[in-house]
Structure formats: structure tokens, C-alpha cells
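These are my notebook entries on a structure that I went through piece by piece.

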Amino acid sequence: MKKALITGITGQDGAYLADLLLSKGYEVHGIKRRSSLFNTDRIDHLYQDPHEEKIRFRLHYGDLSDSTNIIRIIQQVQPDEIYNLGAMSHVKVSFDTPEYTANADGIGTLRILEAVRLLGLTEKTKIYQASTSELYGLVQAVPQSETTPFYPRSPYAVAKLYGYWITVNYREAYNMYACNGILFNHESPLRGETFVTRKITRGAAKIAMGLQDKLFLGNLDARRDWGHAKDYVEAMYLILQQDKPEDYVIATGVTTTVRDFVKMAFAEVGIQLAFSGEGVDEKGIVQSCINPDYLLKAGKEVVAVDPRYFRPTEVDLLIGDPTKSMTQLGWQPKYDLPALVKEMMEADVNHFVQEKMLQEAGYRVKNQFE
Ligand code: NDP
Ligand code: GDR
């Protein structure tokens, strides 16, 4: 039975990847951080009682900033594959915590590679590094491929640049099977609530149900190549099953503005939005409301721009060229953007239907910080 170790197992991708590897018969180990509240919502369905024999899913406490603990866990698990997904992954927050981000996302990658080398596992253990389209940053050329130059635009991207190159360097210096997946944005109903897609689907669902009046967003002109996380974890797995270790771009090849994503999400709950310059008047005016249950009146402004969400330096345009991964890995995404938006909206509407019932029954619902 193959053993995999996943850092960042409590995150969006960690949860989907754990599901995938368990379905393929792997023994899956994950590193989770100690937190003052439970932080395993996304993987609770995978829980196996550690007192039982022959369990295939185990969690270890740890942190990418602690090399002693990384070495100890890798020594104990002796993994065939390591997926390094752990990271401070929020681009805007990385401007607030740049040093921590460099430590976890940059040096954290080095700690994994170095642990494998020190433990003499270079022949046994394959390593996947979660690299990112944020490396491309300021547009040099589109669509972005494995050969497009990098120009990072945030402390997060600069830290990930170190992670990218140290992975390439250990591959070349020590002949390790270490690869970068350069993944473009991928989303799902498990996406963190403060990333723009999930913030929008949650906002649209709440507004449609009368639980919120307005959604505040930042730069609506940014363009992203959005795919589904379920498809993207398949690519991570494929990258570690090849004869030779290489780096791959994983993307859909289609780019969409944040503004259009907003329209698609609201359309799922019967709200047609128009932005300024599109006919009606101010930003985010509701033109019509098809479903009368949604308590919205035509003419109400439901989306507004708050400069608080702007970044000091922005990445304006991402559009990936997935030719190499499609031809060499045989990777094919199953979801397109409309299917992704539909799935995310359905999940958030269901969630807030329950929350509304609780609220109506007199229970206090959680505050949302963004
Ligand atoms: P999430 O933010 O959902 O998950 C990040 C995970 O990393 C969480 O489990 C988090 O733990 C953990 N983590 C954070 N800091 C540390 C640390 N110091 N030590 C150990 N673990 C830590 O990210 P995603 O699942 O979306 O992304 C997975 C990886 O892929 C990340 O590295 C991200 O940067 C990268 N990436 C993501 C893309 C995307 O579009 N989703 C695109 C390209 C790359 P906790 O739950 O306790 O916070
Ligand atoms: P990104 O994702 O920065 O691309 O990083 P995010 O969803 O945060 O932003 C995408 C774009 O939307 C604009 N935007 C807003 N973003 C947020 N979070 N909140 C807002 O209110 C808002 N309004 C507009 C942003 O300015 C940006 O242009 C994600 C992360 O998962 C990284 O870890 C990963 O490496 C990259 O995707 C690929």
C-alpha cells in the first residue's frame, strides 16, 4: 500500500486530495496545525478512530515553520509521496504578514526537501510542490505556460517563487523526484470564505435570502482562469505518477473577470445584475428579480466596490496554457466555469437556508469577518 503525506490537509485542496488518494487505496497521513478550535471541518467525513487497527487515514500535529517536527513526521511515516499544499495562501493577507508568509510558503518548502534528503529518502519519496499562477504576476505574455517568465507581485508570490526554484534546484542537485504544479485558481464549495469566488457565492446566496443587503468587493476588473479543485487534485496525483519529474501548468485556458463571475453567481438565484456603463445607472443595480421569494426590489444596489479590498500591487490577467499537462499527463478537467458556479451556488444556498431557519428560530448565527 502506498503512503502519502499531505501538508495543508485541512485546506480546500488537501481535503479533495485526501479523498482521491484514499479512493485509490493509499494510506494517507496529514499534517494539521494546532488550533484553539477544531479546524477539520473539510475532512471530518474521513475521520477514522486511531484506536482501531488497520486505519488508512491519520493526522499528525505539525507546522511548516518547525523543521524538527517536519523531519520527525517524515521519518515516522516514510512516505512514497509528499504533497506540500500547506501555505499561508491568501495573497492580500500576505501583505500584512510578509515575514510569516516567507517562512511558511518559502522556507517551509525547503524544510520538506531537506528532510527527505537528510533522512536518505531521495530515491523513495516523490515530492509535489504547490506552485501557483501568481508567479506570473505582472503580465509578460499570455497565455502563460511552463516557459513564460515570472514576475511576482506579492509577498505570497515571492515566497512561492522561492518554493518553485528550490524544488527545481533539489531535483537537479540531488536527483530527487520533485515537481512543481503551477496551478491556476481553482475553487469549489470548500473554498475558503475570503477568496473572491466563495465570497461572491456566499454573498449572492445571502442577499437572495434577505440575510444580507450588500456585497462589498475590491477590483472587479481582475481576470482569472478559474477551474474546479476536484479536477486540479487529479492533476497533482498524475504529476507524481510519471517516469520523469517535471513541472506542469494546470489551467482551463479560459479567463473571466471578477465582474462576470459576480453576474454568473447572482444569475443562479434569479438576479440579473448590471454594472455602471451597462445600461442602468450606478454599480451593482438589480435590473430584475425573477424569483419573488428572494425579497429583492428592482433598483436596489447589491454590489459595491470597497477600496479596502484592493491590493498594493495587483495581478490583472491570468490565462493558462494547459497543453503540456493535457498531452503529457492526459489531464482533462470535467468542470467548466458555469458548472463550477452552479455547484458553489447550490452549496451556499443550501447552507444559508439552514442558517435562516436557525435565525428565525431565535438562534444567533455566526458573524462573518472578511
Ligand atoms: P487553503 O488556504 O485552503 O489551505 C491551506 C492549508 O495550509 C490549510 O490546511 C492550512 O491550515 C495549512 N497551513 C497554513 N499555514 C501552515 C503552516 N505554517 N504549517 C502547516 N500548514 C499550514 O489553500 P488551498 O487548499 O486553496 O491551496 C493549497 C495550496 O495550493 C497552497 O499552498 C496554495 O498556496 C496553493 N495554490 C492554491 C491555488 C488555488 O487556487 N486554490 C492555486 C495555486 C496554488 P489551517 O487549516 O490550519 O489554516
Ligand atoms: P488570488 O485569489 O489572489 O488570485 O489567489 P482571490 O480570490 O483572493 O482574488 C482573485 C481576484 O479577485 C480580486 N478581488 C477580490 N479578492 C478577494 N479575496 N476579495 C475581494 O473582495 C475581492 N474583490 C476583487 C482580487 O483583487 C484578485 O484580483 C488565489 C489563492 O488561492 C492563491 O493561494 C493562489 O496561488 C492563486 O489563487 C492562484
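This is a predicted model: local features need pLDDT of at least 70, side-chain atom pairs count only at pLDDT 80 or more; totals for chains, interfaces and linings use all residues.

**Entry 1, the sheet.** I began with strand 2 (residues 27-32) and strand 3, which run parallel and are joined by 5 bridges. I noted that strands pair here if DSSP finds at least two bridges between them, and that helices (H or I, at least four residues) and strands (E, at least two) are DSSP runs, numbered from the N terminus. For Lys32 I looked up the bridge partner in strand 3 and found Tyr61. I then followed the whole sheet, which is open, has 7 strands in the order 3-2-1-4-5-6-11, and pairs in parallel. Its edge strands, each pairing on one side only, are strand 3 (57-61) and strand 11 (248-250). Neighbouring strands of this sheet are turned against each other by 20 degrees on average, with direction ignored.

Residues are numbered from 1 along each chain as its sequence is written, and chains are lettered from A and ligands numbered from 1 in the order in which they are written.

**Entry 2, helices on the sheet.** I next asked which strands helix 1 (residues 12-23) lies across. They are strand 1 (3-7), strand 2, strand 3 and strand 4 (81-84), and the helix runs at about 165 degrees to strand 2. Axes are lines fitted to C-alpha atoms, for helices over the stretch in contact, and angles run from 0 to 180 degrees between N-to-C directions. Helix 2 (residues 67-77) lies across strand 1, strand 2 and strand 3, and runs at about 160 degrees to strand 1.

I found that the axes of helix 1 and helix 7 (residues 229-239) come within 9 Å and cross at roughly 65 degrees. This crossing is right-handed, a term used if the near helix is turned clockwise from the far one by less than a right angle, whereas anticlockwise is left-handed. Residues are in contact if their C-beta atoms, placed from the backbone, lie within 7 Å, and among those that make this contact are Tyr16 and Leu17 of helix 1 and Val233 and Tyr237 of helix 7. By class, the contact has 7 nonpolar, 1 polar and 3 charged residues. In this scheme Ala, Val, Leu, Ile, Met, Phe, Trp, Tyr, Cys and Pro count as nonpolar, Asp, Glu, Lys and Arg as charged, and the others, Gly among them, as polar.

The axes of helix 6 and helix 8 (residues 258-268) also come within 9 Å, and they cross at roughly 35 degrees. The contact includes Ile200 and Ala204 of helix 6 and Phe261 and Ala265 of helix 8, and by class it has 8 nonpolar, 2 polar and no charged residues.

I looked up the shell around ligand 1, for which a residue is near if its C-beta atom, placed from the backbone, lies within 6 Å. The ligand is surrounded by 26 residues, of which the closest are Gly8, Gly11, Gly86, Ala87 and Ala130. Helix 1 gives the most to this shell, with 3 residues. The shell divides into 8 nonpolar, 15 polar and 3 charged residues.

Around ligand 2 I found 22 residues, and the closest are Val91, Thr132, Val196, Gly218 and Ala222. Helix 3 (91-96) and helix 6 (196-208) are the elements that give two or more residues to this shell, which divides into 9 nonpolar, 7 polar and 6 charged. Why does ligand 2 lie between domain 1 and domain 2? Both domain 1 (3-183) and domain 2 (196-223 + 257-314 + 336-360) give residues to its shell, so ligand 2 lies between them. The domain bounds come from an automatic or database domain assignment. The centres of the domains, taken over C-alpha atoms, are separated by 32 Å, and the contact takes 5 residues from domain 1 and 4 residues from domain 2.

The peptide bond from Val142 to Pro143 is cis, with omega near -5 degrees, and Pro143 is in the loop between strand 5 and helix 5 (155-174). Lys54, in the loop between strand 2 and strand 3, has a positive phi of about 55 degrees although it is not a glycine.
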